[in-house]
Amino acid sequence: MDERIIYQNQEGGVSIIIPANNHGMTIEEIAEKDVPDNTPYEIVNVADIPSDRTFRGAWKKIGAAVTTDMPMAKEIAHDMRRIKRDEEFAPIDIKATIPSESAAAEMTRQVIRDKYAAIQVDIDGASTVDELSAVLIANSL
C-alpha cells in the first residue's frame with residue numbers, strides 16, 4: 001500500500017501510521033481506529049513523506065504535507081556536531097590531565113574546537129534541508 005496516515009502528535013512531531021491489511025478495513029477505517037480521538041489526520045501518498053529520517057524530530061504536519069522546521073533541524077544538526085566533537089575530545093581530555101602531555105593536548109583540543117566551530121558556521125548558514133544534510137555528510141556527522 002502506498003498510502004500513509006499522518007497526524008500531529010501531542011509532542012509536536014508527526015506520527016505516521018503504515019496501514020497493514022487489517023481484515024479488509026479501508027484506510028479510513030484504520031485511521032478512525034488508530035488515530036487518537038479528536039485528532040485531525042490526513043491520508044497521504046508515501047512519496048509525500050520525506051525519505052531521509054535524519055531530521056524526523058523537526059517534522060511538522062501542515063495540512064496534508066510533512067515539512068521540516070529548519071530551526072529544529074539545525075538544533076538536531078548541532079546536537080550531532082556536539083556528540084562527534086565530544087567523541088574527539090574524550091581521549092585528549094585524559095591527556096590534558098597528565099602534566100607532561102597537557103600542553104600538546106591543549107593544542108590538539110584547540111584544533112578540534114576550531115574544526116567544530118567552522119562546522120557550526122556551516123550549519124547556521126544552511127537555508128534548506130538539503131544544504132543542512134550536505135554539511136552533515138561532508139563532515140561525517
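In this predicted model, I5 stands opposite I43 of strand 3. Strand 1, residues 3-8, pairs with strand 3 in the antiparallel sense, over four bridges. The two strands belong to an open sheet of three strands, ordered 2-1-3 with antiparallel pairing.

**Sheet**

- Strand 2 (14-17) and strand 3 (42-45) are the edge strands; each has a single partner strand, so one side of each is left without a neighbour in the sheet.
- On average, and with direction ignored, neighbouring strands of this sheet are turned by 35° against each other.

**Helix 1 and A31**

- Helix 1, residues 27-34, lies across strand 1, strand 2 and strand 3, and runs at about 30° to strand 1.
- A31 is a residue of helix 1, and its relative accessibility is 1%. The limit for buried is under 20%, so A31 counts as buried.
- Beyond its neighbours within four places in sequence, A31 is in contact with I5 and Y41; I5 is the residue that stands opposite I43.
- The C-alpha atoms of A31 and I43 are 8.4 Å apart in space, while the two residues are twelve apart in sequence.

**Helix 2 against helix 3**

- The axes of helix 2 and helix 3 come within 10 Å and cross at roughly 175°. Helix 2 is therefore roughly antiparallel to helix 3, since angles over 145 degrees are classed that way.
- From helix 2, the residues that meet helix 3 include K74, A77, H78, R81 and K84, together with R85, E88, F89, I92, D93 and K95.
- Among their counterparts in helix 3 are S102, A105, T108, R109, I112 and R113, as well as K115, Y116, I119, Q120, I123 and D124.
- By class, the residues of this contact divide into eleven charged, eight nonpolar and four polar.

**Nonpolar cores**

- The largest nonpolar core has 16 residues, of which F55, A73, A77, I112, I119, I123 and L132 touch the most other members.
- Another core, of seven residues, lies apart from the largest one and has Y7, I17, I27 and V35 among its members.
- In soluble globular proteins, nonpolar side chains tend to be buried together.

**Helix 4: L132 and S133**

- L132, with neighbours within four places in sequence left aside, is in contact with F55, M70, A73, K74, A77, I123 and A126.
- S133 has its place in helix 4 and counts as buried, at 13% relative accessibility.
- Leaving aside neighbours within four places in sequence, S133 is in contact with D52 and F55.

**Positive phi outside glycine**

- N38 has a positive phi, near 60°, and is a residue other than glycine. N38 sits in the loop between helix 1 and strand 3 and is exposed, with a relative accessible area of 82%.
- S140 also is not a glycine, and its phi is positive at about 55°. S140 belongs to the segment after helix 4 and counts as exposed at 54% relative accessibility.

Terms used: Residues are numbered from 1 along each chain as its sequence is written. This is a predicted model: local features need pLDDT of at least 70, side-chain atom pairs count only at pLDDT 80 or more; totals for chains, interfaces and linings use all residues. Side-chain values use heavy atoms; hydrogens and water are left out. A nonpolar core is a set of buried Ala, Val, Leu, Ile, Met, Phe, Trp, Tyr and Cys residues joined through side-chain atoms within 4.5 Å. Buried means under 20% relative accessible area, exposed over 50%, partly exposed in between (1.4 Å probe, protein chains only). Contact means heavy atoms within 4.5 Å. Two strands pair if DSSP finds at least two bridges between them. Axes are lines fitted to C-alpha atoms, for helices over the stretch in contact, and angles run from 0 to 180 degrees between N-to-C directions. Angles under 35 degrees count as roughly parallel, over 145 as roughly antiparallel, 65 to 115 as roughly perpendicular and the rest as oblique. Ala, Val, Leu, Ile, Met, Phe, Trp, Tyr, Cys and Pro count as nonpolar, Asp, Glu, Lys and Arg as charged, and the others, Gly among them, as polar.
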